[in-house]
2 protein chains.
Amino acid sequence: MTIELIPVPGLPEIGEGDDLADLVAAHADLADGDVVVVAQKIVSKAEGALARPRPGEDPAQARRRIAREQATRIVADTDEVLVTETAHGFVCANAGIDASNVPDGALSLLPDDPDASARRIRGRLQALTGRDVAVVVADTFGRPWRMGQTDVAIGVAGLAPIRDERGGADRHGARLEVTEVAVADELAAAADLVRRKADGVPVVVIRGFSWEPDEAATARLLVRPAEQDLFRRGEKP
Amino acid sequence: MTIELIPVPGLPEIGEGDDLADLVAAHADLADGDVVVVAQKIVSKAEGALARPRPGEDPAQARRRIAREQATRIVADTDEVLVTETAHGFVCANAGIDASNVPDGALSLLPDDPDASARRIRGRLQALTGRDVAVVVADTFGRPWRMGQTDVAIGVAGLAPIRDERGGADRHGARLEVTEVAVADELAAAADLVRRKADGVPVVVIRGFSWEPDEAATARLLVRPAEQDLFRRGEKP
């Protein structure tokens, strides 16, 4: 079955207190089964998850300072990059804090609880439209070993973020080996294809993807537990 | 603009010497600008990039042995997983060797040169259909820090695998910070959404994505050079 990646154009600049679901419902014609992928940046803006540099501090300095203050683990710290583990468990550069597409020199922080953000947006969308949709909150992360960034899921609501195919058989009857597909990350990555960072299309509707319902979904399932992670070197601060 | 992810159904079981482009052209109605995402597994089968366990060796043992023989670096080696750097520079479990969807107990190896595979398929598709398409060869890799696997690009033809947005400005005129988008990996991940590993849909057409032409494209641009990689621990064997 064909899947469509549909950008939602025309959203206004988002400010603290804005109702994202209301704006999405007004600008998109949702259908049952859609996955609504929302960029972290507008979730943080709507929730007021912003910070400001101190007087005399430039944005890059402020970002490193705040990332370090928030870190539960310093994974790498060089002149070029600070990689930390956040309270959510995400491992990313500068704790996901950044300064692009934020007005007036402010910095956007990650939402306190991106799953809760996704659940709120999903609940409101269902109330407003009557449609049963899933929601993914996406952010742009780098990765070890590979160049460039891709979008990944930092919050989910309604859908299982990982599809477990263990125990399945391939077309020859052999046991499937690659068996836990990070579908929420693949949804986030797919949504990123329909926009450039500069063009202000922070919401994408994915139509036709057959997701597995999960009312207790959490993107924390996408976080490898530190004790199982061969590559999460670094120390608690 | 909406992007479509279109599965190509009905492909037969692939064997050594099969002309993948001929099969794709017969089963898909391609348009100019399409990206054709082809699973590594059928590329390896068509190219005969297979290996067999030695007598008395089970597939998992054989996979580890061959992965170790092919490794340019052992990145991690535990009871549960062997992560190596391959001759291509990819860092992945078991050198990308696996046993699912391969007949008769054989193991599929990565293609020798997945960019060359992609170029051959692209050239043949253009000759057969007259369409200007790009080709991505995709494989399923795990990743540090996050659970589950996603598909990534191991070979590309026709399109720039990374879109460099450095120097761009956001909607507030600020310099964009997240600026190198691994679009080939996002294309591979998106394609994976339309199939399950078990269902035998190894080719997906992505329609409507605005790619940057690059006649000298190589997926090696997606490989972080080891000397810039903070997380490629391990030694040359």
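How many salt bridges are there between chain B and chain A? In this predicted model, the count between the two chains is 4 salt bridges. One of them joins the side chains of R143(B) and D185(A), where the nitrogen-to-oxygen distance is 2.5 Å.

Which elements of chain B give two or more residues to the side that touches chain A? They are the strands β1 (3-7), β4 (73-77), β8 (134-141), β9 (150-159) and β11 (180-181), together with the helix α5 (183-192). Of the residues on this side of chain B, α5(B) contributes 7, which is the largest share. By residue type, the side of chain B that touches chain A divides into 41 nonpolar, 12 polar and 26 charged residues.

The contact as a whole draws 79 residues from chain B and 79 residues from chain A. Between them the two chains bury about 6,900 Å², and 56% of that area lies on carbon and sulfur atoms. Within the part that chain B buries against chain A, W145(B), R146(B) and M147(B) supply 13% of the area, more than any other three residues.

The two chains are related by symmetry: a rotation of 180 degrees, with 0.0 Å of shift along its axis, superposes chain B on chain A with an RMSD of 0.0 Å. This is the relation of a two-fold axis. Both copies use the same surface, in that 100% of the contact residues of chain B recur in chain A.

A sheet also runs across the two chains. Its 12 strands form an open sheet with mixed pairing, in the order β13(A)-β9(A)-β8(A)-β2(A)-β12(A)-β1(A)-β1(B)-β12(B)-β2(B)-β8(B)-β9(B)-β13(B). At the edges stand β13 (213-214) of chain A and β13 (213-214) of chain B, each with a single partner strand, so one side of each is left without a neighbour in the sheet. Where the sheet passes from one chain to the other, strand β1 (residues 3-7) of chain A and β1(B) run antiparallel and are joined by 3 bridges; here L5(A) has I3(B) as its bridge partner. Within chain B, β1(B) is in turn joined by 4 bridges to strand β12 (residues 203-207), again in an antiparallel arrangement, and the bridge partner of L5(B) in β12(B) is I206(B).

Salt bridges are also found within a chain, and the count over all chains comes to 36. Among them is the pair of E47(A) and R120(A), whose closest N and O atoms are 2.9 Å apart. Because E47(A) lies in helix α2 (residues 40-47) of chain A and R120(A) in helix α4 (residues 114-129) of chain A, this pair ties together parts that are 73 residues apart in sequence.

Notes:
Residues numbered from 1 in each chain as written. Chains lettered and ligands numbered in written order. Predicted model: local features only at pLDDT ≥ 70, side-chain atom pairs only at ≥ 80, totals over all residues. Heavy atoms only, no water. Contact = heavy atoms within 4.5 Å. Buried area = accessible area lost by both parts, 1.4 Å probe. Nonpolar A, V, L, I, M, F, W, Y, C, P; charged D, E, K, R; others polar. Pairing = 2+ DSSP bridges. Least-squares fit on C-alpha atoms with pLDDT ≥ 70 in both.
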